[in-house]
Amino acid sequence: MVEGEKIRVVNGALQVPDNPIIPFIIGDGTGPDIWAAASRVLEAAVERAYQGKKKIVWKEILAGEKAFNLIGQWLPQETIDTIREYVIAIKGPLTTPIGGGIRSLNVALRQELDLYACVRPVRYFKGVPSPVKRPEDTDMVIFRENTEDIYAGIEWPKGSEEVKKVIRFLKDEMGVKNIRFPETSAIGIKPISEEGSKRLVRAAIRYALSEGRKSVTLVHKGNIMKFTEGGFKNWGYEVAEQEFGDHVFTWNQYDEIKERKGEKAANEAQAEAEAQGKLIVKDVIADIFLQQILTRPREFDVIATMNLNGDYISDALAAQVGGIGIAPGANINYDTGHAVFEATHGTAPKYAGLDKVNPSSVLLSGEMMLRHLGWHEAADLIIGAVERTIASKIVTYDFARLMEGATEVKCSEFGDALIQNL
Ligand SMILES: NC(=O)C1=CN([C@@H]2O[C@H](COP(=O)(O)OP(=O)(O)OC[C@H]3O[C@@H](n4cnc5c(N)ncnc54)[C@H](OP(=O)(O)O)[C@@H]3O)[C@@H](O)[C@H]2O)C=CC1
Ligand SMILES: O=C(O)CCC(=O)C(=O)O
Ligand SMILES: [Mg+2]
């Protein structure tokens, strides 16, 4: 019998008791190692911040290999129902086989619970080894659409009756002539909707305004995928202009002024908007964006993008501030209040059970969770502990191999060091 109380959503706001029950999924591969270390740090931070007045009551829920081995199901309905009931959860990584087998359980959870925003902050901790000269210039928050795009999993394999039917339909009824090798093509579908795009961009803009961020950049490949990724860009500007009015200035507005009054007037309008502290909503094509985050990261702040772009961008940006070992995230539905916190990285199978990898990503996902609950004091303690531990050069293998004079410690020992530094 688990003691504790449920978190509730009342009139759109989270009501967090002092002893909230928080379901967790331990995860596959390195999941058990990082969860063991991170959960101890989270508990210690809460204890230190509130001296027993607040306490998390963990409730394990099953998914992935553990669920399959115990009850023969990869993602039990009970797990989804429990997260729905308890509102907030945290999870370790889950394995997805490549080229066949089950579809991603991570994606399934996001879709089942309609956790439409994958929020991944990317910030630098002093002392972390990085491949770029000024890693501190990278300070961005990715808002990745989490329920649509090719992650909808609508695809058919080469040679199947289904793919033959789809190709026949495309050729005979839709007049499609440019499937280069129809006999040997697999086909996938990319749904991108106005609702899905708008709710994601809306969340990104609200976040940017509430956090005093300077810009939201819509990242897309709308030059090639005109109606899907191009639609995302257009709907993004629409939501910015129609719903946030005077609080924003968009590059769409810039273009309109430029067309009517010339470039000088458009530049002046943007400069005035910036001087007034308005949020700049701009867009960039995804390929050049991947260059510019390296060459001029200071120009980017909050990023709003679709599912696949967001997946690539998350790992690329994580590298700039020290890698996937220190890359947290959250999957959030801002309308229902449901949120599942999880690291950006996967199961890192070659390190499973070695007590080796960096637990910081799942720990910092927990730190995001504490902030989400309004437990800022405990969250601040964790940030301080990460800063101090890295400054003392006590680090896991991923940082140690790139640092001079570092003491390499195990995953669990890094957890111990963090607790000492709380
Ligand atoms: N949300 C989720 O649950 C996710 C699940 N996955 C799944 O995970 C599985 C493995 O995916 P893969 O592509 O190998 O990606 P992973 O992120 O699991 O691992 C790739 C590499 O990243 C580094 N890494 C990962 N985690 C850590 C950590 N905690 N500390 C330090 N370094 C770390 C390691 O680098 P190095 O080798 O340099 O030491 C590792 O070999 C797949 O089944 C995939 O589908 C993937 C992403 C997210
Ligand atoms: O579901 C998976 O296996 C991969 C997910 C992923 O890469 C991500 O969420 O960033
Ligand atoms: Mg990924």
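Where is Ala348 found? Ala348 sits in the loop between E15 and H12. Such labels follow DSSP runs: helices (H or I) have at least four residues, strands (E) at least two, and both are numbered from the N terminus. This is a predicted model, in which local features need pLDDT of at least 70, side-chain atom pairs count only at pLDDT 80 or more, and totals for chains, interfaces and linings use all residues. Residues are numbered from 1 along each chain as its sequence is written, while chains are lettered from A and ligands numbered from 1 in the order in which they are written.

Stay with that loop. Thr347 also has its place there, between strand E15 (339-342) and helix H12 (360-373). A residue is buried if 20 or more other C-beta atoms lie within 10 Å of its own, exposed if 12 or fewer, and partly exposed in between, with C-beta atoms placed from the backbone.

What do they touch? Contact means that two C-beta atoms, placed from the backbone, lie within 7 Å. Leaving out residues up to four places away in sequence, Ala348 touches Gly29, Thr30 and Val357. On the same terms, Thr347 touches residues including Gly27, Asp28, Pro93 and Thr95.

UniProt, in an unreviewed entry, lists a "binding site" at positions that include Thr95, Thr347, Ala348 and Arg401. The listed residues span 307 residues in sequence, and their farthest two C-alpha atoms are 26.0 Å apart, so they do not all gather at one spot. UniProt positions use the numbering used here, feature names are shortened, and annotations may be inferred rather than shown by experiment.

Now turn to the core. A nonpolar core is a set of buried Ala, Val, Leu, Ile, Met, Phe, Trp, Tyr and Cys residues joined through C-beta atoms within 7 Å. The largest one has 108 residues, and Phe143, Ala204 and Ile205 have the most contacts inside it. Helix H1 (residues 31-50) gives the largest share, nine residues. Domain 1 (1-121 + 326-421) and domain 2 (130-149 + 193-321) both contribute, so the core lies between them. Those domain bounds come from an automatic or database domain assignment. Ala204 touches Phe143, Val216, Val302 and Ala304, not counting residues up to four places away in sequence.

Finally, look at the backbone of Asp114. Asp114 is not a glycine, yet has a positive phi of about 55°. Asp114 lies in the loop between helix H4 (105-112) and strand E6 (117-122).
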